[in-house]
Amino acid sequence: MSFPWANEYTPSHPVMKWVDEKLPLPRFVYNAVGAGYPVPRNLNYFWNFGVLAGFCLVLQIVTGVILAMHYAPNALVAFDSTEHIMRDVNWGWMLRYAHANGASAFFVVVYLHIFRGFFFGSYKAPREMIWLLGVVIFLLMMATAFMGYVLPWGQMSFWGAKVITGLFGAIPVIGEPLQIWLLGGYAPDNASLNRFFSLHFLLPFVIAAVVILHIWALHIPGSSNPTGVEVKTESDTVPFHPYYTAKDGFGLGVFLILYCAMLFFLPNALGHPDNYIPANPMSTPAHIVPEWYFWPFYAILRAFTADFLFFPAKLMGVLAMFSAILVWFFLPWLDNSPVRSGHFRPLFRKFFYVLMLDVLVLGYCGGAPAAEPYVMISQIATAYYFLHFLVILPIVSSIEKPEPLPYSITEAVLGSDDKAALKPAS
Amino acid sequence: MTRLIGILVGLFFTVAVLWAFVTGAANYIAEPPAATAEHEFHRHPKELHLSSDGPFGTFDKQQLQRGFQVYKEVCSACHSLNHVAFRDLAALGYSEPEVKAIAAGFQVPGVDPNTGEETLRPGTPTDYFPKPYPNDIAARAANNNAVPPDLSLMAKARHNGPAYIYSLLTGFQDQPAELLKEFPEAKTPTGLHYNPYFANLNLAMAPPLTTTDQVSYGDGTKATVDQMAQDVSAFLLWTAEPKLEKRRQTGWPVLGFLLFATVLAYLAKQQVWADKKGKKG
């Protein structure tokens, strides 16, 4: 499960020896995120975002559990109880802004974590399982965030819930009964709010469980690295602690500065003003938009404006939106280039930057009103999105000639590796 | 095999979305969307400068008191302030007896202790501002079928809220001649009032602030319409975000501490890595 040169946990204090014999939990932690986990020495700052995502999860659970002590999940009083938190609960305004902006921060770091994976080929063998579990975590995060946004029971909460559950109504035959079953009624109401609250409380713990599996799966092959060359010898690695605990500590500091700047000075910048209007089933907002982190997928949903073959436009949109994420599950098998890192894949690299731009364009269009030119732009961007993952990646990985890789991580870092002399002539 | 299926699925979605693009583009060329009066004549809020602007801004309590007076004497006739209690007014600089006196000036719903019947009684600091109408139906009946919205959160419920409120209050005007020329069907209906800062240009509210000295300020400030509109916008920013000052006052030390801690974390990281530095950091 680890490299043979990993430090072994050797408790010196008798109490720790006693604990280690009965329940080797300290040993487990030592081997997971302590000096017992050898990590490639060349990780760059893009490798900070996994730890930051874990931090965000804990932050959301802690603030969320406290908010739940003051919030009332009842359609009659939910909006007022949110305002009660903002006005009367001691430091309630800070908890709520920390939680709302914490969701945004969580998605920022997770998107960076995912794009790190895209660029450095982190999804490739032997790390497919880590990637698959990561996509599961992302899906759970989306469900959790969506239900959390419903809880304040403002206008966007209500109409967002109506639009998103309405997506299930596009499924043929079972769509409408399914939608009614999900909502517990014909439209979002108290039954929907109650179940969303219950699930919003539950799912973060499911996420935490999948995170544990994600990290477990990570520790079997060990962390990837920017060269994509696997660890060969001890000189390629450093112990996680103190090297990466120190680096992550600095990264966490930078993250917290940016996060707290938002929290204390621009707490509503990422929210929608309409959510400060109580939910009103009789009054539809001019533009219904989800939170920013859903915009790229919302743009894909809305890009399908025409019926195609036997598929109604709405169903196509729903299929495309879900497929846009589900396609990530197949990434390890769609891209079969033996080279992981984008640094050594000239053709792949160009398309990667186009994809980044494409997702930003989709995001912009998803937040804009459903009018021209945004719809046409999002249609072109949607076409590229599917072409990129399903057509371009498989072809590029077959035809591309990668650049030469360094012999080892040590060589990449130090410029030379004593062991490199032993490498067979190629 | 996976890749072959992938390519087919990818082409399916691509063709479908490009088909939607072609259909949409054809429709767009055949029937370009008609311009609307809302699109052409709606205006973004005017600039409004308040002492609470910027990361160091604080409320001007004198102004908040004036704004409260405008709310009390003008707006409260139709608009509720559901989330604000009289006790909260202490934040505007009122003393405890003053808050009690303000509360007592309002009649709030109560219960007769002898008969149990619903009745009205003078307010106390723990009471919330009373609603002007018993329910939405009564509100509609009295206001040309429009419910006057609650004002507690108005400054956060609109983009650029305080400037929006200020612009709306000072933006009533006659419908421009060119609007009527271009969109004759967009003539303001009877009972509504033209205001370019309102999303659909016509709102049910009649201009509430119309004359200088409509409200008599106690602090000597001249109560022009512009001044009253600014004051009530400032007041409604406070009702929407009463913790604004505390939030910023907390934020600065937090950022200061984090900056310090992050510098330390950086130096610690440099020291830990000192023996592992390669040719590139």
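**Reading the backbone and the helices**

Modeller: Let us begin with a loop: Asn160(B) lies between α6 and α7 (161–170) of chain B. Please keep in mind that this is a predicted model.

Biologist: Where is Asn144(B) found, and how is its accessibility classed?

Modeller: Asn144(B) is found in the loop of chain B between α5 (136–142) and α6 (154–157). Asn144(B) is not a glycine either, yet its phi is positive, at about 55°. With a relative accessibility of 45%, Asn144(B) counts as partly exposed.

Biologist: How should I read the peptide bonds, and which form, cis or trans, has the bond from Ala125(A) to Pro126(A)?

Modeller: In general, most peptide bonds are trans. The bond from Ala125(A) to Pro126(A) is cis, with omega near 5°. Pro126(A) belongs to the loop between α5 and α6 of chain A. The bond from His241(A) to Pro242(A) is also cis, with omega near 10°, and Pro242(A) lies in helix α10 of chain A.

Biologist: How are two packed helices described?

Modeller: One gives the angle between their axes and the distance between the axes. In chain A, helix α6 (residues 128–150) and α9(A) pack at an angle of about 160°, and their axes are 8 Å apart. Angles over 145 degrees count as roughly antiparallel, and α6(A) and α9(A) are therefore roughly antiparallel to each other. The crossing in which α6(A) passes α9(A) is left-handed. The residues of this contact divide into 23 nonpolar and five polar, with no charged residues.

Biologist: What is the length of helix α3 of chain A from its first C-alpha to its last?

Modeller: Helix α3 of chain A covers residues 49–68, which is 20 residues. It reaches 28 Å between those two atoms, close to the 28 Å expected at 1.5 Å a residue.

Notes: Residues numbered from 1 in each chain as written. Chains lettered and ligands numbered in written order. Predicted model: local features only at pLDDT ≥ 70, side-chain atom pairs only at ≥ 80, totals over all residues. Heavy atoms only, no water. Helix = DSSP H or I, 4+ residues; strand = E, 2+ residues; numbered from the N terminus. Expected span 1.5 Å × (residues − 1). Axes fitted to C-alpha atoms, helices over the stretch in contact; angles between N-to-C directions. Parallel < 35°, antiparallel > 145°, perpendicular 65-115°, else oblique. Left-handed = near helix turned anticlockwise from the far one by under 90°. Nonpolar A, V, L, I, M, F, W, Y, C, P; charged D, E, K, R; others polar. Buried < 20%, exposed > 50% of the residue type's maximum accessible area, 1.4 Å probe, protein only.
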